[in-house]
Amino acid sequence: MAEKDISDDTYELDVSFPVHMNRVWMKKYHAADEHYHWHGFFEISYVCSGCATCFVDGASYPVQQGDIVVFNAGEIHGWGMKEVVELLVMTFSKEIVEGDPYIDDEILDFFSDLTSNFSNILNGRLDATEMVRHSLLLAWQEWNGHDVGRNSMIKAELLRVLTYLNRYFVNGGVDFEAIRKKRKELKRLDRVLRYLDDHYMKKISIEEVASVAGMTPNYFSKLFHRLMGQKYIDYIIQKRIYRANELLETTEKNVVDIAADCGFNSTASFYKAYRKYYKKAPRQCHSTGCRQVAEERIHFNDNIANE
C-alpha cells in the first residue's frame, strides 16, 4: 500500500513563454491521495470526464466533469479516484504577465494566499465557470496548432481566464514573498518526511524530527499541521498503520509481532488505532484480507482527531 508522501513536481517551463498545456488521464485506483505533491507555478485544470476527490493542503473536495480545479504555487495537492479521470491542464508562472505595463496589476489577485475567499474548486454548473472552460479549450486548440500568433492567442486566453477568476470568484492582493516563504517551508518539510520514511517504526521524539528541519519543536508542530492538515503524531501513527496492514496482508506474522515491528508500544494501542482506521480488528483482517476494507476506509485523520 502506498504511503503518504510529498514531492516537488516542479518542471521547467519555457523561459521565453512560461506556459504549458497537456491532457492527463489518471488511471482507476490511482493513489495520488497517498502521494501529495506541489510545484512552483500556478495550475488550472478542467475536469473533462470522470469524478474524483481532490486533496488540497489537508482538505478534500469532490469534483466531477465540468468542474475547474485551481492550484496555487506551492500548494500541496493530490488526487484520488475510482474511475479514469481526464484533465486538461494549464500551468504557468507569474513571469507570463509580470512586468507588462499594459496588463492590470491585479491580474493574479485570485491566487493570493492572503484571501479567505480563495477557492480551489469552480463549480461546473456556474456560468462563470463555463466562461473559464471555454477560454481553456480555445487555448488548447491554439496549443496544438502552428498558426501565426499562436503564443499571443494562448496568452490572450490565459488573460481572459485570470480576469474571469478575479471578476467572478475572488478579489485580493498577491504576496509573492509569502509564496516564496511557503516554498522554502515545503522543502524543509520534505526533508522531514524523507527522514520519517526511514525512522517511523522507531521511537522518535518531536525534538529529534524538528532538528532535521532546523526548527524549534513548537514551530515545527504548527507548520506540519498547517501544511499537512494533520498533527505530526497522527501522521506517524498513519504510516505505522499502513505498514502493519501491509504485513497483515502479505506475511504470516502474528499481530503482536507486527504491532511491535511497526513501532507501537503496546498491542492495545495498535488495536485501537487499527479499528479507528479500518473499522475492523487486525485479527479479522489477518484471516480475511484487507484490500476491500482499505478501499472503503474513512479518513484516518478525522478518526484520530476524535480521540
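At what angle do the axes of helix H1 and helix H2 cross, and within what distance do they come?

**View 1. Crossing of helices H1 and H2 in a predicted model.** The axes of H1 (residues 127–143) and H2 (residues 150–168) cross at roughly 165° and come within 9 Å; axes are lines fitted to C-alpha atoms over the stretch in contact, with angles from 0 to 180 degrees between N-to-C directions. The two helices are therefore roughly antiparallel (over 145 degrees). Helices (H or I, at least four residues) and strands (E, at least two) are DSSP runs, numbered from the N terminus.

**View 2. Residues in the contact of H1 with H2 (heavy atoms within 4.5 Å).** H1 contributes Ala128, Met131, Val132, Ser135, Leu136, Leu138, Ala139, Glu142 and Trp143. From H2 come Arg150, Met153, Ile154, Glu157, Arg160, Val161, Tyr164, Leu165 and Tyr168.

**View 3. The largest nonpolar core.** Such a core is a set of buried (under 20% relative accessible area, 1.4 Å probe, protein chains only) Ala, Val, Leu, Ile, Met, Phe, Trp, Tyr and Cys residues joined through side-chain atoms within 4.5 Å. Of its 32 residues, Ile44, Phe92, Phe111, Leu162 and Leu165 touch the most other members. Strands E2 (19–26), E4 (42–49), E7 (68–71) and E9 (85–92), together with H1 and H2, each give two or more residues. H2 supplies the largest share, six residues.

**View 4. A second, separate core.** This core has 24 residues, including Leu186, Leu193, Phe220 and Tyr235.

Residues are numbered from 1 along each chain as its sequence is written. In this predicted model, local features need pLDDT of at least 70 and side-chain atom pairs count only at pLDDT 80 or more, totals for chains, interfaces and linings use all residues, and side-chain values use heavy atoms, with hydrogens and water left out.

Notes:
Angles under 35 degrees count as roughly parallel, over 145 as roughly antiparallel, 65 to 115 as roughly perpendicular and the rest as oblique. Buried means under 20% relative accessible area, exposed over 50%, partly exposed in between (1.4 Å probe, protein chains only).
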